Amino acid sequence: MQPAPRITVEVPVLAVGSGASDYENLGRHVDVLRKPQGLHLTLLHIGILADFAQDIADWTKGATTADAAAGATAAWLEALPVLEGFAARSERLVLLGGGRVSGLEVEVPEQVRTYQVSLVVALHELLDALVVDNVDDFILSSRALGYRYPRWTPHVAVGRPKPGSRGPLAIAPLSIAFGASRIRNRQFLPAAGGRQ
């Protein structure tokens with residue numbers, strides 16, 4: 001049985017540098033470089049929808065059911081405004097996920113930071129509507145959301161660090177082109193007729 005898909009709001013990477021070799025050159029610093037087709041920058045991580053909905057049901061002691069939370073979250077995600085594509089740059093590789101992932105730290109334009117903050121504000125509003133009290137505490141404790149730090153660090157995960165890697169590592173500046181924002185695994189949202 002396949003694991004349930006994670007739901008995120010993200011922007012896909014359309015291009016890194018001026019050609020394929022610019023991305024492939026990162027392989028000098030990274031083990032098992034990811035395929036460029038799947039690269040993305042996560043703006044908001046919801047996690048597995050059923051787990052997120054259960055976290056809400058548990059937190060509210062059943063005042064909001066898991067089914068109600070899942071349906072409301074799906075409708076909320078579908079109604080989010082779209083961030084248009086943009087250009088950014090990276091000048092260093094950083095270690096993420098406790099040192100298990102190597103990523104490009106991305107210097108994003110101000111409108112991207114503003115959009116990401118608006119997503120967090122909207123998430124607060126959703127949780128308020130779902131009768132979640134102490135929203136900040138909930139966000140930091142929800143296993144589905146998986147937030148460990150309150151500050152967002154824009155990054156593109158590119159692979160596994162080489163053994164003994166220490167971060168951060170300065171690299172030659174790379175331009176990165178991003179597409180419009182999208183919901184990863186949107187087809188699995190209840191509103192789209194998919195599984196929960």
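Visitor: Glu-107: buried, partly exposed or exposed?
Guide: Glu-107 has 41% relative accessibility, so it counts as partly exposed. Buried means under 20% relative accessible area, exposed over 50%, and partly exposed in between (1.4 Å probe, protein chains only).

Visitor: What kind of model is this?
Guide: It is a predicted model: local features need pLDDT of at least 70, side-chain atom pairs count only at pLDDT 80 or more, and totals for chains, interfaces and linings use all residues. Residues are numbered from 1 along each chain as its sequence is written, and side-chain values use heavy atoms, with hydrogens and water left out.

Visitor: What does Glu-107 form a salt bridge with?
Guide: Arg-89, with the closest N and O atoms 3.8 Å apart. A salt bridge needs a side-chain nitrogen of Lys or Arg within 4 Å of a carboxyl oxygen of Asp or Glu.

Visitor: Which strands does that pair tie together?
Guide: Glu-107 sits in strand S5 (residues 101-107) and Arg-89 in strand S4 (residues 86-96), so the pair joins parts 18 residues apart in sequence. Strands are DSSP runs of E, at least two residues, numbered from the N terminus.

Visitor: What else does Arg-89 pair with?
Guide: Glu-91, at 2.1 Å between the closest N and O atoms. Arg-89 is partly exposed at 36%. Glu-91 is also partly exposed, at 32%.

Visitor: And Glu-105, what is its partner?
Guide: Arg-92, at 2.6 Å between the closest N and O atoms. That pair also links strand S5 to strand S4, 13 residues apart. Glu-105 is partly exposed at 23%, and Arg-92 at 34%.

Visitor: How many salt bridges in total?
Guide: Seven. Glu-10, Arg-182 and Arg-184 are linked in a network of them.

Key
Helices (H or I, at least four residues) and strands (E, at least two) are DSSP runs, numbered from the N terminus.
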